[in-house]
Amino acid sequence: MPGISSMVPAVIVFGDSTVDPGNNNQISTVLKSNFAPYGRDFYGGQPTGRFSNGRIATDFISEAFGIKPVIPAYLDPKYDIKDFATGVSFASAGTGYDNVTSDVLSVIPFWKEMEYYKEYQSKLRGYLGNDKANQLLSESLHLLSIGTNDFLENYYTFPTRSSQFPVDKYEDFLIGIASNFIRELYNLGARKIAITGLPPMGCLPLERTRNIMHGNACIEEYNDVAKDFNVKLQSNVDELNRELGGIRIVMSNPYDKLLELIQNPSLFGFENAATACCGTGYFEMSYLCDRLNPFTCSDAKKYIFWDSFHPTEKTNFIMADHAVKTALAVFR
């Protein structure tokens, strides 16, 4: 992965379990991963609350920018503003753009992540002084990775939103929330923003398990929604880049890269693309993926997915490398 020191002084992260390094450890929710075998390939073999066997994509992105190898969780009491000045994550596993999504598992809603960011800005000004803090914020990479839960945990699981919106209108509703969030970041001084599109979410092991009638193939309807959403998100990003003076927003689209891994696993040294390492690999995640599960694989490097919903550290590294290359084209 390219090392590009000094291009950004900090990586500031918003989103869901793809980028939550442990904020959910500090809140009352069933969606946690701060126990073995999560983290077994992390430094010291420690579970941290990251939904993987090791580091997550944002850790690798921070390292690629020459900052630090792990990004701490904002709510983790072990860290303070000195640590957060070079990178911090406000993300919460299980959350989405839509407040209805975060209510499903009682996690931190997206708007609350913004409130934490405002609090962080105020601490940063106290720590660095106004001018230095403003400069750091304008040069830092603000990264958003969110949206899958809005469909899989909310729209396709409960009737609340699906009875209100046909799926294309629900996509538009979420894009509107994303757009407002970016505008608010801009008004607060952010100038470098990366937003992640949706992955081929019909190919997550959990979704393939549900697709038993079709031989556990990927659920194409979900993949089509992801592709459609990504086209709309890119068009919204183009619009905001034209409208907001001095901003540089890049959309990092994980869809094609992850699908490439899933369709050609052996090219990347993977042996298994359809099931996950943890447990049987069909449905386990969070508390179902625990140290007592006798089926967990011995070598996560052979698997694209760690649990039925989340990638292994190796996949996270590949996806982070892809995201960094995309960002460099815009931020150079």
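Student: How many disulfides does a search of the whole structure find?
Tutor: The search finds three. Keep in mind that the model is predicted.

Student: What is the pairing, with the bonded cysteines numbered in sequence order?
Tutor: The pairing is 1-2, 3-6, 4-5.

Student: Take cysteine 203. Which cysteine forms a disulfide with it, and how far apart are the sulfur atoms?
Tutor: Its partner is cysteine 218, and the two sulfur atoms are 2.1 Å apart.

Student: Is that disulfide of cysteine 203 and cysteine 218 right-handed or left-handed?
Tutor: The S-S torsion of cysteine 203 and cysteine 218 is about 115°, so the disulfide is right-handed.

Student: Where do cysteine 203 and cysteine 218 lie?
Tutor: Cysteine 203 is in the loop between strand S4 (192-196) and helix H9 (205-210), while cysteine 218 is in the loop between H9 and helix H10 (220-243). The pair therefore ties together parts that are 15 residues apart in sequence.

Student: And are cysteine 203 and cysteine 218 buried or exposed?
Tutor: Cysteine 203 and cysteine 218 are both buried.

Student: Next one. What does cysteine 277 join to?
Tutor: A disulfide joins cysteine 277 to cysteine 297, with an S to S distance of 2.0 Å. The torsion about this S-S bond of cysteine 277 and cysteine 297 is about -95°, so the disulfide is left-handed.

Student: Where in the chain are cysteine 277 and cysteine 297?
Tutor: Both cysteine 277 and cysteine 297 sit in the loop between helix H11 (255-263) and helix H12 (313-331), 20 residues apart.

Student: What is the relative accessible area of cysteine 277?
Tutor: Cysteine 277 has a relative accessible area of 1% and is buried. For cysteine 297 the value is 10%, and cysteine 297 is buried too.

Student: Why does 10% count as buried for cysteine 297?
Tutor: Because buried means under 20% relative accessible area, and cysteine 297 has 10%.

Student: What about cysteine 278 and cysteine 289, how far apart are their sulfur atoms?
Tutor: The sulfur atoms of cysteine 278 and cysteine 289 are 2.1 Å apart, and the two form a disulfide. With a torsion of about 100° about the S-S bond of cysteine 278 and cysteine 289, the disulfide is right-handed. Cysteine 278 and cysteine 289 are in the loop between H11 and H12, 11 residues apart. Both cysteine 278 and cysteine 289 are buried.

Student: Switching to charges. How many salt bridges does a search of the whole structure find?
Tutor: It finds 18 salt bridges.

Student: Which residue does lysine 227 meet in a salt bridge?
Tutor: Lysine 227 meets aspartate 224, at 3.7 Å, N to O.

Student: How are lysine 227 and aspartate 224 placed in helix H10?
Tutor: They are three residues apart in helix H10, so about one helical turn separates lysine 227 and aspartate 224. Lysine 227 is partly exposed at 39% relative accessibility, and aspartate 224 is partly exposed at 42%.

Student: Which residues do salt bridges that share partners join into one network?
Tutor: Glu171, Asp172, Asp228 and Lys232.

Student: And what does arginine 40 meet in a salt bridge?
Tutor: Arginine 40 meets aspartate 41, at 3.8 Å, N to O. Arginine 40 is partly exposed, at 27% relative accessible area, and aspartate 41 is partly exposed at 38%.

Student: Last one, how far apart are the closest N and O atoms of lysine 169 and aspartate 168?
Tutor: They are 3.6 Å apart, in a salt bridge. Lysine 169 is partly exposed at 44%, and aspartate 168 is partly exposed at 32%.

Definitions and conventions: Residues are numbered from 1 along each chain as its sequence is written. This is a predicted model: local features need pLDDT of at least 70, side-chain atom pairs count only at pLDDT 80 or more; totals for chains, interfaces and linings use all residues. Side-chain values use heavy atoms; hydrogens and water are left out. A disulfide is a pair of cysteine sulfur atoms within 2.5 Å. Helices (H or I, at least four residues) and strands (E, at least two) are DSSP runs, numbered from the N terminus. Buried means under 20% relative accessible area, exposed over 50%, partly exposed in between (1.4 Å probe, protein chains only). A salt bridge is a side-chain nitrogen of Lys or Arg within 4 Å of a carboxyl oxygen of Asp or Glu.
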